[in-house]
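Hello,

The structure we talked about is below.

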Amino acid sequence: MSDSARTRKASLSVGGMMCASCVAHVEDALKTVPGVSSAVANLATGKVSIEFDPATASLAAMKKALDETGYMPSLDFADLRITGMKCASCVNNIQTAVGSLPGVAAVNVNLATGTARVEYARDITPLETVLKVVRDLGFSVEERVEGREHLDPEKEAREREIRRQRNNLIVAGILGILVMVGMLQPYWFFPSIIPAFLHNKIVLFLLTTPIVFGPGRQFFVNSWNGLKRGLTDMNLLYATGIGAAYGIAVVNTFWPDAGFGGEGATFYEAAALLTAFIILGRYLEAVTRGRTSEAIRRLMKLQPRMARVLREGKAVEIPAEDVQVGDILIVRPGESVPVDGEVLEGYSSVDESMITGESIPVEKKEGDQVTGGTMNRTGAFRFRATRVGRDTALAKIIKLVEDAQLTRAPIQRIADRVAGNFILGVHVLALVVFVFWFFVGYGLWFVPESRLILTPYLLTGMGVFGFALLTSITVLVISCPCAVGLATPSAVMAGSGKAAEHGILFKGADVMEAAAGLHVVVFDKTGTLTRGEPSLTDILPGDGFDENTVLRMAAVAEKNSEHPLGEAVIRAARERGLRLDDADSFNAVPGRGVEAEYEGRTILLGNRKFMAERSISLDGMMANSGKLEFEGKTVMFVALDGKPAGLIAVADMLKESSAAAVRELHRMGLRVAMITGDNRRTAEAIARQVGIDQVLAEVLPEDKAGEVLKLQSEGLKVAMVGDGINDAPALARADVGIAIGSGTDVARETGHVILVKDDIMDVVAALQISRQTLRVIKQNLFWAFGYNILAIPLGAGLLYPFIAQMVSPELAALLMATSSLSVTLNTLRMRGFVPSVRKGSGVKTPRLAPAQQEGSS
C-alpha cells in the first residue's frame, strides 16, 4: 500500500495556545513525531489538523510531544464495563490491545471492579473500534452511560481554562489593587485615608510576591518549558518583563545601594499590575474566543447523546455513537432524531430548520428519510438507521465547518510570517533599546523631573542601568503579537460558523477569501436558475401528421431517456392516454438528441443541429420555431423516416428568487453569466427575464469547464454555480465552485462552497458572508499591526526627549490586553451579521423559462 493510501486526517483540541508562536511550536512538535506528515494549528479554534500514518504514529507519541512542549491536548474519556476478566493476564491483554490503537493515549483496567477507563481521540479511533477490540479478545463490554450526556471534553477544557484565569485574576486583582493603593499612599490626599504601613517596602514585597509566584507562575513555567527545547513564545516576554520588574524592586528594597535606582525605584506595582493586566487579557480572550465559535458549538449540541434502540423486542437507551447501521430506533414527540435513517412506521412532522434553514416542519411517513439532529414535533415513529456516527449528515456538516476553520487564508500568511518570528525580534529590539538608553539616550535627555505616564512617580533617583532596563521591559511587554495571531483565524471561525447557520458550507478559509474577490458569477441554467422540471407547452405537427402522432413518436423515442425533457414528453403523452411501446433500439446523442427504431420506422428527436447533421430540411418550421424560442421555450424537432414530422416546445419554471438574486449580484458589482446547452435565441430569452449580462449558449456538458477557463484567461475571478454532479468539472475549474441544492448529502459534492438548500439566494448570502469575513479580517489586521507600529516606538521612549515621560510596564500590559480585546470584540460583530438578502425578501411570481436542450444540463 502506498504512503498516500495509508495517510489519515484527524483533528486534536490543544490547550495553551496563546499566540502565533504557540501555533508554530505546536506544529513543529507534532511534525517531530514519526509518521506525522503534516500539522496545521488554528489559534482561534484551539485545534490542530494532522495528517499521519496510523501504522507509525500514535496518539500517545503525539500527546507526549505536546506535553513536553508545554501544551495540553484535550482528549475524550470513556468508562467501560467489562465482563469475563479472570486474572491479571486478562487485564494485561486488554491494556495491550487497546493501548496499541493509534487513537488511544492511555487505558486503565481495573480487575476488581470490572471497569476500564480509556483516554482517546475519537477523530482518530472511534469508541466503537475500542469496543470491537475488547470483544474480539473474548470479553463482553459496554460503555457506562451514567452522566454520559453531560460529557463534552472540549467544553470542559474551555471552562476549566476560564475558571483558572478567573481565579488567577481575582487573586492578582485584589492584591494588585492593594499594591497600587500602597504605592499612591504618599501622594495627593491619600495620606489622610490610606494607612502609612501600606507604603512600606516590605509590605509591598509581601503583597507582590504571591502575585508573581501564584497567578504569574504560569508564564515562568511555560517559558522555561519552551526554552528547554529552544522555543520562544510570548510567555517569555511576560516572564522577562514581570521577572525584571519584580527583581529590580526586590534588589532596591533589600540592597538599595546596588546601583539599580535605590529605594525610590521599587516598582512593585509594575510587577503586580503587569501580571494582573496580562491575566485580565487572557481571561477576556478565553471568554470571547469561546463566543466566536458559538455557531459550531450550536451545531455540535444538535448531535443527540442518547438513542432508543429496539433490542430483542425491548427499547434500550444507548449512546448515539453506538448505534449501528440497520438498528431499529424509536423517536417520541419532542425528541431529537439520533441518526440518519428511513421511517418504517408511524407519522410525524419533523423540524429540519437546524439543518436546512427551512422553518416549516416537514411531514414524515413510511419510506421517508429522516436526518440526525432534527427535532420530532408531533407523532412517534420507528425508523431504520442508514447512516451513523461520522457518516451522518450533521457530522459531515460539522466536519466541513471544522475543516474550514482549520485552514489558512492566503491573507493570513503574512501575519503568520511576521508573528512567528516576532518573539526573537522583540528580544533583539529590547536589547537594542537597552543599549541605546544605557550608552546614549540617558546622558542626552534624562532629567530629574522624569516620570512614568499616568503615575505620580518621579524617576529622580533612577540610575542609567535601571532606566535602560525599565524601557527595555516596557518594549518586551508592549510588543506582544497576540492580536496579530488572532486576527485572521478568529474571523474565519466566526464567518464559517455564521455561514453554517444559513446552510452554507465553505470548505476552507482560502475559499472564503476567493469568494470575496470574485468578478463573475456563472450559473448553470437547468436546476439552478430554473426548477429543472420542464413541461410540454406546444405541439405543432407538420404536413400529414397530427398532434397525437407527433407526441406519441417523440414519447416512444424518449421512453428510455433519463433527461428531464424526455420525462416532460412522456408525462404529457400519458396525460393524453397515448399508448407508449418500447422502442426496438435507442441511441442518445449528447448535446443533440435521441434516435430510435420503432416498428421498422426511424424516429429522430432533437435540436436543429441534430436535424442538419441528418440532412433533414426544417424550412417550413423555422418561423414557428423562432417565435417559440423568442417566447423563452425550448424547441425539439421530430422527424420520421427522414422527413420532418413536427416540433414540440417545452418550458421550465424559473425559480422564484432567480431574478432577485441576479439583481442583488449586480448591486454587489458582479457580472452575471449563464451557461446552457440551449441555442442562443432560447438562452437569450431567459437571460432577458432574469437580467443576465452574458450568455454562454450551445455549450455541451463536457465543454463547460473550458468556458470557465476562457473567462479566467481574461483575468477574471470566476464562480461557477451548478448542481455539483454533472457540473463537477466546471465547479472544480472555477476559482470558486458553488454546489447548490445538496440537501443533507453534503459529502458527495465537488464544489468549494456547498449550499444545503436549493435556494439561489444562498449564492448571494455566501458571497456577502465571505465579503464581510474578509472585511473583518482586514480590520483586525489593521488594528493588530497598527497597534504594534504605534506602541513599540512609544514603549521604546520615542516621546521621552519631548515630554520627559515614559510608558510604565503595567500600562504597556494594559495596552497589549486592549489590543487583543479590540480584535476579538471586532470579530464578535460577526455574530450579529445577517446577509442583506436574508433580512427580508419578497415572493416573486414564477415565470416560464426555456428547458434545456436534449443532452445538456
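I738 has V753 in β31 as its bridge partner. The strands concerned, β30 (residues 736–739) and β31 (residues 753–755), pair in the parallel sense over 2 bridges; pairing requires at least two DSSP bridges between two strands. Strands (E, at least two residues) and helices (H or I, at least four) are DSSP runs, numbered from the N terminus.

This is a predicted model, in which local features need pLDDT of at least 70, side-chain atom pairs count only at pLDDT 80 or more, and totals for chains, interfaces and linings use all residues. Residues are numbered from 1 along each chain as its sequence is written, and side-chain values use heavy atoms, with hydrogens and water left out.

β30 and β31 belong to an open sheet of 7 strands with mixed pairing, in the order β19-β31-β30-β29-β20-β27-β28. β19 (504–506) and β28 (694–696) are the edge strands; each has a single partner, so one side of each lacks a neighbour in the sheet. On average, neighbouring strands are turned by 20° against each other, direction ignored.

Helix α28 packs on this sheet, touching β19, β20 (520–524), β29 (718–722), β30 and β31; contact means heavy atoms within 4.5 Å. The direction of α28 makes about 50° with that of β19. Angles run from 0 to 180 degrees between N-to-C directions, and axes are lines fitted to C-alpha atoms, for helices over the stretch in contact.

α28 (residues 761–795) also packs against α24 (residues 658–667), at an angle of about 25° and with the axes 8 Å apart. That makes the two roughly parallel (angles under 35 degrees).

Regards

Technical notes. Parallel < 35°, antiparallel > 145°, perpendicular 65-115°, else oblique.
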